Structure formats: C-alpha cells, structure tokens
Amino acid sequence: METIKVTHPFPPLYRQDSEILILGSFPSVKSRDQGFFYGHPQNRFWKVTAAVFDAPVPGTIEEKKLFLFDHHIALWDVIASCEIRGSSDASIRNAVPTDLAPILAGSRIRRIFANGRTAWSLFQKYQKPLLERENSALADAVYLPSTSPANAAKHLEDLIADWSVLRG
C-alpha cells in the first residue's frame with residue numbers, strides 16, 4: 001500500500017451546547033469513504049460510547065449525530081492533513097494540525113479526550129502548546145485507550161470501563 005497525501009475530508013461535529021470534545025488522530029479509509037467519524041465496522045467507538053451512556057448503539061450517520069448531540073459530545077481529529085498509508089496511524093508523516101479554535105469558541109467544551117495514543121501524542125505536540133499560550137484550561141487532554149480494531153488486545157468491557165470518565 002502506498003503512502004498518499006490526504007486532507008481531512010469532513011468537518012468537525014459540534015454544536016453550541018457541546019461540552020466534551022473527543023479527538024481522534026485522522027480518519028481511517030472507511031471513515032473517509034463514508035464521510036463520517038469511526039466508520040470502520042470493527043471500530044468499537046460507537047459500542048463503547050453507547051454503553052457508557054446506557055444508550056442503543058447508533059447505526060446510521062444521522063443516529064450517530066443525534067446520539068452525540070444528546071450527550072453534548074463534539075468530535076474532531078488532531079490532524080488536518082498528512083501523508084498516510086491506508087489507515088495506519090504509525091505511517092503518518094508531515095502532519096498538519098487542525099484548528100481547534102472554532103470549536104472551542106463556538107461551544108461550551110469543558111474537557112478534551114484523545115482516542116488513542118497517537119491522537120494523544122499529536123495533541124501534546126501540536127495542540128497543547130497553542131492552548132497553553134492562550135492560558136486555556138483545556139491544554140491537557142485526557143488519554144483514552146483507542147477504540148480502533150488495531151487495539152485488539154483491549155477487551156470491550158475494559159474499554160467501556162476506561163471510557164466511563166466521559167460521564168464525568
């Protein structure tokens with residue numbers, strides 16, 4: 001599989017009443033094809049977040065949006081563009097960070113969570129210094145274990161327990 005330069009193909013998802021921001025690294029090939037977050041059928045994001053909020057697992061993109069809005073969750077990624085091979089976070093090169101300012105200014109985000117080690121590391125590298133310069137209380141993202149199928153060693157029940165911090 002070749003490495004290609006890709007720009008994030010869809011916008012962040014948030015509303016004025018969003019309080020939680022969950023950041024991924026960069027959309028998988030399946031998510032890019034669908035035009036929405038966590039589109040790979042083996043990604044456990046929707047199962048985990050539904051279990052955390054004791055809700056049915058949303059199926060359609062519209063159901064997913066409603067689920068997120070009902071729970072005041074915003075979604076975005078740390079990277080706006082990069083060179084990547086398939087969906088492999090490990091292959092990401094020449095990353096350009098996203099601009100979190102519109103989300104933070106246009107919502108009531110109180111906490112930021114990073115879905116996986118790559119998202120957390122890239123947040124530390126690119127986003128944290130910018131937020132610290134603005135003296136933002138949001139300069140520290142909380143690391144959560146990845147819901148990606150690549151994190152197969154982590155059982156669903158363990159992910160649900162780890163992600164229960166979303167309920168705050």
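The model is a predicted one. Its protein chain holds six helices and seven strands. Along the sequence these elements follow the pattern β-β-α-α-α-β-β-β-α-β-α-β-α. The radius of gyration is 15 Å, close to the 15 Å that the globule rule gives for 168 residues, so the chain is as compact as a globular protein of that length.

**Dimensions and packing**
- Taken along the principal axes, the box filled by the C-alpha atoms of the protein chain is roughly 40 × 40 × 30 Å.
- Of the 168 residues in the protein chain, 45% are buried.
- Among contacts in the protein chain with a separation of 6 or more, 67% come from residues 24 or more positions apart.

**Surface**

- An open sheet is formed by three strands in the order E1-E4-E5, with antiparallel pairing.
- Strand E1 (3-7) and strand E5 (93-97) stand at the edges with a single partner strand each, so one side of each has no neighbour in the sheet.
- On average, neighbouring strands of this sheet are turned by 15 degrees against each other, direction ignored.
- In general, strands of a sheet pair through backbone hydrogen bonds, in either a parallel or an antiparallel way.

**The E4-E5 pair**
- Strand E4 (residues 79-85) runs antiparallel to E5 and is joined to E5 by three bridges.
- Within E5, Arg93 is the residue that Glu83 stands opposite.

Note on methods: Residues are numbered from 1 along each chain as its sequence is written. This is a predicted model: local features need pLDDT of at least 70, side-chain atom pairs count only at pLDDT 80 or more; totals for chains, interfaces and linings use all residues. Side-chain values use heavy atoms; hydrogens and water are left out. Two strands pair if DSSP finds at least two bridges between them. Helices (H or I, at least four residues) and strands (E, at least two) are DSSP runs, numbered from the N terminus. Axes are lines fitted to C-alpha atoms, for helices over the stretch in contact, and angles run from 0 to 180 degrees between N-to-C directions. The radius of gyration is taken over C-alpha atoms; the globule rule is 2.2 Å times the number of residues to the power 0.38. Buried means under 20% relative accessible area, exposed over 50%, partly exposed in between (1.4 Å probe, protein chains only). Contact means heavy atoms within 4.5 Å.
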